[in-house]
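Subject: Structure handover and notes

Dear colleague,

I am passing the structure on to you below, with the sequence alongside. My notes on what was found in it follow, and I would be glad if you read them with the model open.

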Amino acid sequence: MNISEYIGDIILLLVLVVSTLLLATNQNFTPQNTLALLLIVLSLGGLMVIIHYSIMRIEREMINRERMIRVNLEEISLKMAQRYDSTIAHVDGVVEEFSKRVYR
């Protein structure tokens, strides 16, 4: 996990927490209410960071899977080309043998 990928989320989470604290103090909440509101906002922000991390992980897995599929398709195409070439060579051999027999 690279922290530079999440610096935007962390900054937004800090802004969310500070604005919640300012709102709670301006509304003359009790310290218990302020703490409860702060915990709610922190959990909401944490949930957003977790969702962002999950999306990034899924994106990396999709890129890796796409890369593996591309490599497998390249291998399959090489094998198919080899089979095609060997089949063509075999057919050419049979045609040559048949044409030799016809001209005799």
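At 13% relative accessibility, Thr 34 counts as buried, a word used here for under 20% relative accessible area, with exposed standing for over 50% and partly exposed for what lies in between, all with a 1.4 Å probe and protein chains only. Please keep in mind that this is a predicted model, in which local features need pLDDT of at least 70 and side-chain atom pairs count only at pLDDT 80 or more, while totals for chains, interfaces and linings use all residues. Residues are numbered from 1 along each chain as its sequence is written, and side-chain values use heavy atoms, with hydrogens and water left out.

Thr 34 sits in helix α2, where helices are DSSP runs of H or I with at least four residues, numbered from the N terminus. Not counting residues up to four places away in sequence, Thr 34 touches Leu 21, Ala 24 and Phe 29, a contact being heavy atoms within 4.5 Å. The buried residues of α2 are Thr 34, Leu 38, Val 41 and Gly 45, and what covers them includes α1.

Seen from the other helix, the picture is as follows. Leu 13, Val 17, Thr 20 and Ala 24 are buried in α1. They cover an arc of only 65° around the axis, which puts them on the same side of α1; the arc is that of the directions from the helix axis to the C-beta atoms. An α-helix has 3.6 residues a turn, so residues three or four places apart point the same way. On the other side of α1, Leu 12, Leu 14, Val 15 and Asn 26 are exposed. The buried residues of α1 pack against α2, which runs over residues 31–103. Thr 20 of helix α1 illustrates this, as its relative accessibility is 8%, which counts as buried, and, leaving aside neighbours within four places in sequence, Thr 20 is in contact with Leu 37 and Val 41.

Within the chain, the C-alpha atoms of Met 80 and Ser 43, 37 residues apart in sequence, are separated by 54 Å; Met 80 belongs to helix α2 and, at 49% relative accessibility, counts as partly exposed.

Between the helices, one backbone angle deserves a note. Asn 28 lies in the loop between α1 and α2, and its phi is near 55°, a positive value in a residue other than glycine. Asn 28 is exposed, with a relative accessible area of 68%.

Glu 66 is partly exposed at 46% relative accessibility, as is Arg 70 at 43%.

Finally, there is a nonpolar surface patch of about 470 Å², made by Leu 44, Leu 47, Met 48, Ile 51 and Ile 55, and Met 48 is found in helix α2. Patches are made of residues with over 30% relative accessible area and no salt bridge, with like charges joined within 9 Å and nonpolar side chains (Val, Leu, Ile, Met, Phe, Trp, Tyr) within 5 Å. Accessible areas come from the Shrake-Rupley method with a 1.4 Å probe, and for residues only the protein chains shown count as cover.

Methods
Helix = DSSP H or I, 4+ residues; strand = E, 2+ residues; numbered from the N terminus. Salt bridge = Lys/Arg side-chain N within 4 Å of Asp/Glu carboxyl O.
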